[in-house]
Amino acid sequence: MSDKVSVSLNVNGKTHALSVAPERTLLDVLREELRATGTRRGCDAGDCGACTVLVEGLPVLSCLSLPARLSGRAITTVEGLETGGELHPVQRALVQHGAVQCGFCMSGIVLAAKALLDHNPAPTVEEVRHALGSNVCRCSGYARVVEAIASVGGRP
Amino acid sequence: MRYAEPQTVEEGLSLLATTAGARCLAGGASLVSKMNAGQVAPGMLVSLHRIPELATTTETAEGLWLGAMSTHRTVAAEARLCGAMSVVRHAAGQLAHPAIRNMATLGGSVCLADPQTELPVALVAASARVEVAGASGRRTVPVESLLVGAFQTSLAPGELVTRVLIPRGVDGAVGHHLRYSRVVADYPTVSVSLVLAMDRDTCRYARVVLGSCGPVPLHVDAADARLVGTRLEPGAVAAAGRLLADSSAPLDDVRGSAEYRRMLIPRLLGRALSQARERAHV
Ligand SMILES: Cc1cc2nc3c(=O)[nH]c(=O)nc-3n(C[C@H](O)[C@H](O)[C@H](O)COP(=O)(O)OP(=O)(O)OC[C@H]3O[C@@H](n4cnc5c(N)ncnc54)[C@H](O)[C@@H]3O)c2cc1C
Ligand code: FES
Ligand code: FES
């Protein structure tokens with residue numbers, strides 16, 4: 001039996017007051033309580049990056065994050081990237097470059113790429129590769145993914 | 001499971017004392033992963049993230065005190081970690097990948113004492129000291145005496161790490177970290193942290209430490225001594241590499257066999273020394 005902890009989660013600009021067991025991860029809470037299933041569960045161990053979200057603009061792994069610690073901090077999931085029905089430029093570029101296969105890894109990749117471009121608007125291909133170090137694509141189509149993201153920053 | 005968010009170190013210590021098997025929660029990167037896998041189930045989690053003292057950096061004449069809750073990202077961006085101290089900044093900026101560096105902390109790395117991780121290696125190279133708080137007050141110990149085995153520290157139950165001192169070290173020295181991994185962002189097969197000072201072409205000071213080569217960071221005084229006074233010519237580097245390889249007890253795992261790791265040691269040492277030397281002359 002676990003005590004419940006009250007948390008106020010700010011996800012994509014909306015505040016959710018929740019009461020959760022302390023060992024439940026942000027990934028669990030996003031998918032099961034908030035039904036925001038764009039954030040994927042791969043390994044639950046920090047190895048695949050499918051569960052990546054942004055906390056205050058920085059990529060973190062939601063499978064290793066406890067919501068109790070994130071009360072009040074701005075969390076962005078893939079659902080929060082579209083604005084007014086328009087895809088985020090990273091999402092558009094991935095589609096245009098044919099970089100999406102089964103798409104299981106894509107939420108995490110899109111968020112890691114957004115964080116990179118927000119901090120470094122014109123990354124080199126090498127910088128894109130480093131920023132995606134946390135993300136595994138089981139379909140292993142990395143080349144187009146990297147090209148697509150680099151193209152958003154104006155690099156071919 | 002109980003969960004608490006103390007606001008001071010003292011409050012944290014009294015919470016840890018309430019439950020046998022209570023654990024500190026720092027970045028959670030390793031602890032939550034083990035909880036997810038069912039490998040640990042602490043009776044209580046004492047989160048350290050609301051204790052301002054633990055996130056504070058202070059500069060003194062001795063060097064830089066980094067709070068235990070400094071994330072790898074913060075450490076990597078700390079420009080005051082210069083000269084010999086830069087070995088710590090370098091290691092923090094290269095280890096794992098951005099998402100882990102945004103979460104995981106200096107104190108968590110030290111307390112986890114995982115032989116494959118790199119900050120403990122860099123801290124030994126920097127001759128760092130660790131401040132430990134417990135029921136009977138605070139003590140400061142060399143990082144080597146905290147790291148006693150694979151995933152084992154000398155922390156007594158109920159103690160916690162508050163901050164780490166990175167001493168300024170030898171004048172004119174540079175710090176350097178080199179990791180060799182199968183792919184960027186994987187745990188390293190072998191890592192090398194070193195502090196080097198040159199007088200023109202002659203090595204005046206060397207402190208070389210290896211990771212993933214035994215249960216704790218591997219440091220061999222005789223290997224350092226073999227480099228000092230030389231021009232770091234291939235013979236000297238090979239001899240130091242041999243001394244290190246002979247003292248090593250490397251892991252045998254998917255990232256490389258023990259034998260492969262022993263072969264890598266002299267090569268990576270040579271590469272790390274020449275990279276450091278280049279930086280020493282800029
Ligand atoms: C997928 C993955 C990949 C990684 N890759 C690398 C890599 O390539 N190189 C590398 O060097 N490292 C790597 N790491 C390890 C990482 O750098 C951290 O060292 C590690 O996760 C611990 O830091 P944390 O702050 O998350 O600690 P936590 O997971 O919160 O805690 C770890 C342990 O330390 C205890 N603890 C934490 N802080 C304190 C304190 N102040 N006082 C007392 N006890 C404390 C906790 O109770 C727990 O037992 C990786 C980790 C993961 C999950
Ligand atoms: S599910 Fe979080 S990293 Fe794989
Ligand atoms: S597109 Fe299938 S996992 Fe990446």
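**Entry 1: backbone angles in chain B**

I began with B:Arg200, which is exposed at a relative accessible area of 73%; exposed means over 50%, buried under 20%, and partly exposed in between, with a 1.4 Å probe and protein chains only. I note that this is a predicted model, in which local features need pLDDT of at least 70, side-chain atom pairs count only at pLDDT 80 or more, and totals for chains, interfaces and linings use all residues. Residues are numbered from 1 along each chain as its sequence is written, chains are lettered from A and ligands numbered from 1 in the order in which they are written, and side-chain values use heavy atoms, with hydrogens and water left out.

I found B:Arg200 in the loop between β12 (190–199) and β13 (202–211) of chain B; helices (H or I, at least four residues) and strands (E, at least two) are DSSP runs numbered from the N terminus. Although B:Arg200 is not a glycine, its phi is positive, at about 50 degrees. Most residues other than glycine have a negative phi.

I then looked up B:Leu232, which is not a glycine either and has a positive phi of about 55 degrees. B:Leu232 sits in the loop between α9 (221–227) and α10 (234–247) of chain B. Is B:Leu232 buried or exposed? B:Leu232 counts as buried, because its relative accessibility is 9%.

**Entry 2: helix α4 of chain B**

I listed the buried residues of helix α4 (residues 86–94) of chain B: B:Ser86, B:Val87, B:Val88, B:Ala91 and B:Ala92.

**Entry 3: ligand 1**

I located ligand 1 between chains A and B. The shell around ligand 1 holds 34 residues, and the closest are B:Arg23, B:Cys24, B:Thr105, B:Ser109 and B:Glu118; a residue belongs there if one of its heavy atoms lies within 4 Å. By class, 19 of the shell residues are nonpolar, 10 polar and 5 charged. Here Ala, Val, Leu, Ile, Met, Phe, Trp, Tyr, Cys and Pro count as nonpolar, Asp, Glu, Lys and Arg as charged, and the others, Gly among them, as polar.

I noted two further distances. A backbone N or O atom of B:Ala29 is 2.9 Å from an oxygen atom of ligand 1. A polar side-chain atom of B:Tyr187 is 3.4 Å from a nitrogen atom of ligand 1. Ligand 1 taken alone exposes 970 Å², of which the protein buries 95%. In chain B, β2 (23–25), α2 (29–36), α6 (106–112) and β10 (160–167) are the elements that give two or more residues to the shell. Which element gives the most to the shell around ligand 1? That element is α6(B), with 5 residues.

**Entry 4: A:Val95 and its surroundings**

I turned to A:Val95, in helix α2 (residues 89–96) of chain A. A:Val95 counts as exposed because its relative accessible area is 54%. Together with A:Leu87 and A:Val100, A:Val95 forms a nonpolar patch on the surface, with about 240 Å² of accessible area in total.

I compared two C-alpha to C-alpha distances. A:Val95 and A:Ala148 are 53 residues apart in sequence and 8.5 Å apart in space. A:Ser19 and A:Val95 are 76 residues apart in sequence and 38 Å apart in space. A:Ser19 belongs to strand β2 (residues 14–20) of chain A and is partly exposed, at 44% relative accessibility.

Note on methods
Patch = residues over 30% accessible without salt bridge, like charges linked within 9 Å, V, L, I, M, F, W, Y side chains within 5 Å. Areas by Shrake-Rupley, 256 points an atom, 1.4 Å probe, with all protein chains shown as cover. Salt bridge = Lys/Arg side-chain N within 4 Å of Asp/Glu carboxyl O. Polar contact = N/O pair within 3.5 Å; in protein donor to acceptor, adjacent residues only side chain to side chain.
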